[in-house]
Amino acid sequence: MIALTIPDAAEMEALGARLAPLLRAGDLVLLNGELGAGKTTLARGLGAALGARGAVTSPTFVLAREHPTASWVPLVHVDAYRLATGRELDDLDLDYEHGIVVVEWGAGKLDGVSDSWLSIDIVRPAGADAAALADPAELELDEPRGVTITGHGPRAIELEALLAAAE
Ligand SMILES: Nc1ncnc2c1ncn2[C@@H]1O[C@H](COP(=O)(O)OP(=O)(O)OP(=O)(O)O)[C@@H](O)[C@H]1O
Ligand SMILES: [Mg+2]
């Protein structure tokens, strides 16, 4: 397990950018953390480093978006917030083999999808702050996040080691 403190949004994007060159087709990354934790911010940095076309955002109605990148491997960005079960996620028929797949809110919903995934857990040390969540402007203020990165399965354990060496 890698444990990091990420002081601000720019550093969260930079973490995504450090992970990007280590990823290859078939890799699966789960981004876990409460609303506003910084999952999409990390995905945005990762997408930028891959040369992803189109904005990497948290779309309200789109569950998954495939971004062509500078290489032949697309970035598949999934927001599973509205999906209750792995079955529903499975119904999206995502191409896990040929893309780099990054899933927000996927914890516990990916059983059987892959035998390897990298979990990135992001927490706001202050915990869920209802006042901040009610006021988006306050949420945008930079504030440190605790990030833990854990590889599950052979490929993701290798990824974790590569990232630790790159830190
Ligand atoms: N240390 C930090 N790391 C990441 N984001 C931060 C940090 N400090 C402040 N922020 C801000 O917190 C917000 C994180 O929003 P983001 O959309 O990335 O969260 P999310 O986890 O994807 O939320 P959701 O569950 O709603 O999709 C951004 O406005 C970002 O600027
Ligand atoms: Mg998001």
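In E7, Val123 has Gly146 as its bridge partner. Behind this pair stand 7 bridges that join strand E6 (residues 117–123) to strand E7 (residues 145–152), and the two run antiparallel. Helices (H or I, at least four residues) and strands (E, at least two) are DSSP runs, numbered from the N terminus.

This is a predicted model: local features need pLDDT of at least 70, side-chain atom pairs count only at pLDDT 80 or more, and totals for chains, interfaces and linings use all residues. Residues are numbered from 1 along each chain as its sequence is written.

The open sheet holds 7 strands in the order E1-E7-E6-E2-E5-E4-E3, with mixed pairing. Two strands pair if DSSP finds at least two bridges between them. Strand E1 (2–6) and strand E3 (64–67) are the edge strands, each pairing on one side only.

Helix H2 (residues 39–50) lies across the strands below. Contact means heavy atoms within 4.5 Å.

| Strand across which H2 lies | Residues |
|---|---|
| E2 | residues 28–32 |
| E4 | residues 75–79 |
| E5 | residues 100–104 |

H2 also lies across E6, and runs at about 165° to E5. Axes are lines fitted to C-alpha atoms, for helices over the stretch in contact, and angles run from 0 to 180 degrees between N-to-C directions.

Technical notes: Chains are lettered from A and ligands numbered from 1 in the order in which they are written. Side-chain values use heavy atoms; hydrogens and water are left out.
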